[in-house]
Amino acid sequence: MYTYHKITPEILEKLKAIVGAKGVSADPDRLVAYERDEGVEREFFHLPDAVVYPATTAEVAAILQLANEELIPVIPRGAGTGLEFGAVANHYGGIILSTEKMNRILEVNAEKMYMIVEPGVRTEDVQKAAGEVGLLYAGDPCSGDSCFIGGNAGTNAGGNRAVKYGTTRDQIYSVEVVTPTGKITTLGSRLKKVSTGYPLEKIVIGSEGTLGIITKLVLKLVPLPKCSVNVLAVFPTVDEAMSIVNALPKAGIEPTCLEFMDDDSVRVTEDFIGEKQNTGTGERNYMIIQVDSNDEDALDDLCVDLDELCRAHGAVDVFVADAERIWKVRKNFSDASTTECPIMVMEDFVVPADELASLLKALEKISADQHVPVRSVAHAGDGNLHLDILKKGIADADWPAKVDAFEKAAYEAVYGLGGRISGEHGIGEKRKDLMVTYTDPVELELMKAVKKAFDPNNILNPGKIFELDD
Ligand SMILES: Cc1cc2nc3c(=O)[nH]c(=O)nc-3n(C[C@H](O)[C@H](O)[C@H](O)COP(=O)(O)OP(=O)(O)OC[C@H]3O[C@@H](n4cnc5c(N)ncnc54)[C@H](O)[C@@H]3O)c2cc1C
């Protein structure tokens with residue numbers, strides 16, 4: 001059993017000595033901003049004991065040395081757009097370490113195609129800085145206008161372009177990390193290949209702030225395609241829609257984005273943003289297919305190929321869409337769904353991409369059998385389904401049991417198809433019980449051993465992903 005110390009006035013003074021008086025606060029009015037992230041489940045809201053705003057790596061290291069000596073939990077935080085309460089205090093309490101002051105772009109090297117940034121830079125600003133020198137930073141979570149690049153590394157964020165470029169882990173050469181005992185190291189390197197020991201940067205990225213605090217990132221930049229087009233294909237059935245996931249690469253077409261929305265999700269989001277897409281009536285399953293090229297003519301040919309392929313796979317409508325309009329619908333789904341029903345549970349299932357149709361059909365059946373409404377959108381090319389389970393029409397007293405029953409059936413379907421709990425949002429505080437239930441015991445034991453090796457006193461984001469002493 002891990003026990004921690006409370007933050008005393010003496011500790012607050014020591015923190016002030018590191019970051020200055022304005023860099024620390026234990027004022028409850030200030031702390032309220034950190035009691036949650038973008039997750040909506042109130043049972044996970046939790047006030048921290050203090051918040052600290054370091055501006056340099058040395059300050060982060062000094063804070064962690066102090067916390068490790070004094071046995072005080074530290075919770076790293078980016079923009080707080082996470083959905084699993086990973087950047088929120090839990091029953092252990094502790095200090096939120098906000099990276100918002102570490103927000104500088106340190107170098108954009110167009111010649112060598114890399115960028116060095118601090119963790120508190122907004123993802124959209126990383127993308128803009130790359131675009132200004134004619135390059136692309138390929139990471140593209142839907143929350144890019146608000147999340148931080150350090151948070152993206154914390155969760156190994158995916159997003160819309162992962163089908164072509166991979167997740168955040170694939171966009172990073174190396175990270176500067178402060179370990180839980182306060183040591184500073186750089187993991188990874190700007191190398192195309194390396195076989196020199198364990199790739200520890202791959203473990204720290206995606207560890208949800210449990211193994212180290214990322215204080216600097218060297219990001220990969222890639223050539224920016226000269227032109228791109230967004231095609232909207234409408235299919236009567238989920239099977240037909242999903243059949244293009246493998247058909248596209250087999251036909252030599254590499255989509256940059258391949259996003260799925262079901263009928264209800266489009267309708268709800270259109271109502272929310274007050275715009276209609278004019279895509280006809282009847283049961284509809286929508287695929288947004290973005291393709292890029294450096295050649296306008298080649299792109300036109302690609303559109304013809306796409307049209308033929310989608311129609312051969314059952315599409316009733318295929319057209320070149322207004323990029324801004326369709327992406328507005330896709331990116332507003334989350335807000336639309338929360339507005340439709342503020343009490344809900346958000347899932348982030350991932351299955352092999354060619355099993356997504358089976359999962360959607362299984363979930364549709366569970367939803368109908370259990371009378372629980374759901375909304376679905378998916379990063380279809382990655383097999384990653386965001387499913388919102390809505391309380392709509394369900395009595396307060398019935399809701400917890402309904403959610404439990406739905407989740408049990410849903411996770412059986414997910415794991416039966418070779419899937420996992422989370423494709424990109426992480427486990428955080430919210431899903432750690434499920435993590436224990438569904439993870440192979442040997443795998444879980446190895447993960448705990450890794451955590452203990454990095455963090456012998458378990459002070460960095462304790463109790464996230466799993467409890468060490470469960
Ligand atoms: C509308 C909306 C759309 C979204 N779309 C996507 C999407 O398309 N793809 C996707 O993957 N996610 C998506 N998300 C979820 C969220 O935006 C991502 O998980 C994002 O990566 C979180 O970044 P953040 O800066 O807000 O991190 P936070 O929420 O502050 O933290 C997330 C985790 O990272 C850790 N962390 C933060 N900074 C550091 C650091 N410097 N070092 C180590 N650990 C750190 C925290 O401890 C926490 O565990 C979406 C969220 C919303 C609200």
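Why is strand E16 (residues 344-350) largely enclosed by the rest of the structure? I began my notes here, keeping in mind that this is a predicted model.

**Entry 1, strand E16.** I looked up burial along the strand and found that seven of the seven residues of E16 are buried, so the strand is largely enclosed by the rest of the structure. Buried here means under 20% relative accessible area. I then checked the directions: Met-344, Met-346, Asp-348 and Val-350 point one way, while Val-345, Glu-347 and Phe-349 point the other way, and all are buried. I noted beside this that in a regular strand the side chains alternate between the two faces of the sheet.

**Entry 2, the partner of E16.** I followed the pairing to strand E18 (residues 384-390), which runs antiparallel to E16 and is joined to it by seven bridges. For one of the residues I had listed, Val-350, I found that the bridge partner in E18 is Asn-384.

I turned to the ligand and found 36 residues around it, of which Pro-76, Gly-78, Thr-81, Gly-82 and Ser-143 come nearest. By class, I recorded twelve nonpolar, 20 polar and four charged residues in this shell. Strand E3 (74-77), helix H5 (149-155) and strand E10 (213-220) each supply at least two shell residues, and the largest share, five residues, comes from H5. Domain 1 (9-101) and domain 2 (105-223) each give the shell at least three residues.

For Ile-214, a backbone N or O atom lies 2.9 Å from a ligand nitrogen atom. The ligand on its own has 990 Å² of accessible area, and the protein covers 95% of it.

Definitions and conventions. Residues are numbered from 1 along each chain as its sequence is written. This is a predicted model: local features need pLDDT of at least 70, side-chain atom pairs count only at pLDDT 80 or more; totals for chains, interfaces and linings use all residues. Side-chain values use heavy atoms; hydrogens and water are left out. A residue is near a molecule or strand if one of its heavy atoms lies within 4 Å of it. A polar contact is a pair of N or O atoms within 3.5 Å; within protein, one must be able to donate a hydrogen and the other to accept it, and residues adjacent in sequence count only if both atoms are side-chain atoms. Accessible areas come from the Shrake-Rupley method with a 1.4 Å probe; for residues, only the protein chains shown count as cover. Helices (H or I, at least four residues) and strands (E, at least two) are DSSP runs, numbered from the N terminus. Ala, Val, Leu, Ile, Met, Phe, Trp, Tyr, Cys and Pro count as nonpolar, Asp, Glu, Lys and Arg as charged, and the others, Gly among them, as polar. Domain bounds come from an automatic or database domain assignment. Buried means under 20% relative accessible area, exposed over 50%, partly exposed in between (1.4 Å probe, protein chains only). Two strands pair if DSSP finds at least two bridges between them.
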